[in-house]
Amino acid sequence: MIFNMEFKSNFAKMISWAIVLIILLGLMLAFYPFLAESQMNSLFNSVLESFNEPTRNILGFYDGMDIVNIGDYIALVYHYLAILIFVFAMQLGANSLAKEQTSGNIEYIYSNPISKSEIVTGKFTANILTYILFLIIMALATMGLVLGISSIGLGGSEASQITSFEIFEAVVKVFVGLLGSGLVFMSIGYFFSAISKSSLHQDAVSALFVFLIVLLTIVGKVIGDVFGIVVSYFPNEAFRPYSFVSANLNIFGLIANAVIFILMIVLTYSIYSNKELKY
């Protein structure tokens, strides 16, 4: 019952987010044929070299990246789109446990023989499925758009030699990272939802939290030193798309985020099980 209610309540929202992000994705991928041309690529690299390393990293350009390589370019595109994906993932969690109290459905839920832990499990399972389905839609759209652009927009450039397997491999790597980072943000959203009495402002709180993490990441890259090391463990950095495409993973960062995910879920179950639900 809980699973079905949660999945149905978020399905339309998931489709809306997917449509908006696919439009943005198409616009960003449309620049690839121009940047793949040798003259434009040389000009672009010249401009990029005028920036210092922290600025390049903030913009999503890391050492060894070649935007003519389709995998690197997809990673660059999702360096920006990932911010919105994180907002969506966190909103799924942040709205889940408090919205029944806001809407008044909690009385109906408790008229059935169901425990609080079953409520959390049902909602968590439904939202993970929703997020995975969302990522699958985005991955298929990415592959379709890249294949379409590569077939009609690259002409005789070197990038026209990219294969379907290269595109598939790059998309899989990028979306494995997005799955991991999104689940961490979702778990933090669940924690917020467990301690909240209302879901009225959870969408805004989720967006502000993600933007704050991004802002701290930017500041950390500019300052460097210890702060720079700390922000490298943030989920958006530990799971950054280019790390997966280049196979240069921050293992300690991944482990730290796995611990955060488990901790947030355990706290969610503990807090919600002892929470007094008023209806």
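## Second largest cavity

The lining of the second largest cavity divides into five nonpolar residues, one polar and no charged (Ala, Val, Leu, Ile, Met, Phe, Trp, Tyr, Cys and Pro count as nonpolar, Asp, Glu, Lys and Arg as charged, and the others, Gly among them, as polar). The model is predicted: local features need pLDDT of at least 70, side-chain atom pairs count only at pLDDT 80 or more, and totals for chains, interfaces and linings use all residues. Residues are numbered from 1 along each chain as its sequence is written, and side-chain values use heavy atoms, with hydrogens and water left out.

The lining residues are Leu29, Tyr32, Ile70, Val146, Ile149 and Ser150. A cavity is a set of points, on a 1 Å grid over the protein atoms alone, where a 1.4 Å probe fits but cannot get out, and lining residues have an atom within 4 Å of a point. Helix H8 supplies the largest share of this lining, three residues; helices (H or I, at least four residues) are DSSP runs numbered from the N terminus. The space in this cavity is about 30 Å³, a volume being the space filled by probe spheres set on the points, which are joined across faces, edges and corners.

## Largest cavity

Two cavities of 30 Å³ or more are present in the structure. The largest holds about 30 Å³ of space and is lined by Gly60, Tyr62, Met65, Ala75, Leu76, His79, Arg240, Pro241 and Tyr242. H5 and helix H13 (241–245) each give at least two residues to this lining, and H5 gives the largest share, three. By class, the lining has six nonpolar, two polar and one charged residues.

Arg240 lies over the face of Tyr62, at 4.2 Å from the ring centre (the criterion for Arg is CZ within 6 Å of the ring centre and within 35 degrees of the ring normal).

## Aromatic pairs

The whole structure contains 15 aromatic pairs (rings of Phe, Tyr and Trp, its six-membered ring, with centres within 6.5 Å; planes under 30 degrees apart are stacked, over 60 edge-to-face and the rest tilted). Phe44 and Phe61 make a tilted pair, 5.5 Å centre to centre with 55° between the planes. Phe44 is in helix H3 (residues 38–49) and Phe61 in the loop between helix H4 (53–58) and helix H5 (70–96), 17 residues apart. Phe44 is partly exposed at 24% relative accessibility, whereas Phe61 is buried at 10% (buried is under 20% relative accessible area, exposed over 50%, partly exposed in between, with a 1.4 Å probe and protein chains only).

Trp17, Phe88, Tyr131 and Phe134 form one aromatic cluster.

Technical notes: On a 1 Å grid over the protein atoms alone, a cavity is a set of points where a 1.4 Å probe fits but cannot get out, and a pocket is an open set with protein on both sides within 12 Å along at least five of seven lines; lining residues have an atom within 4 Å of a point.
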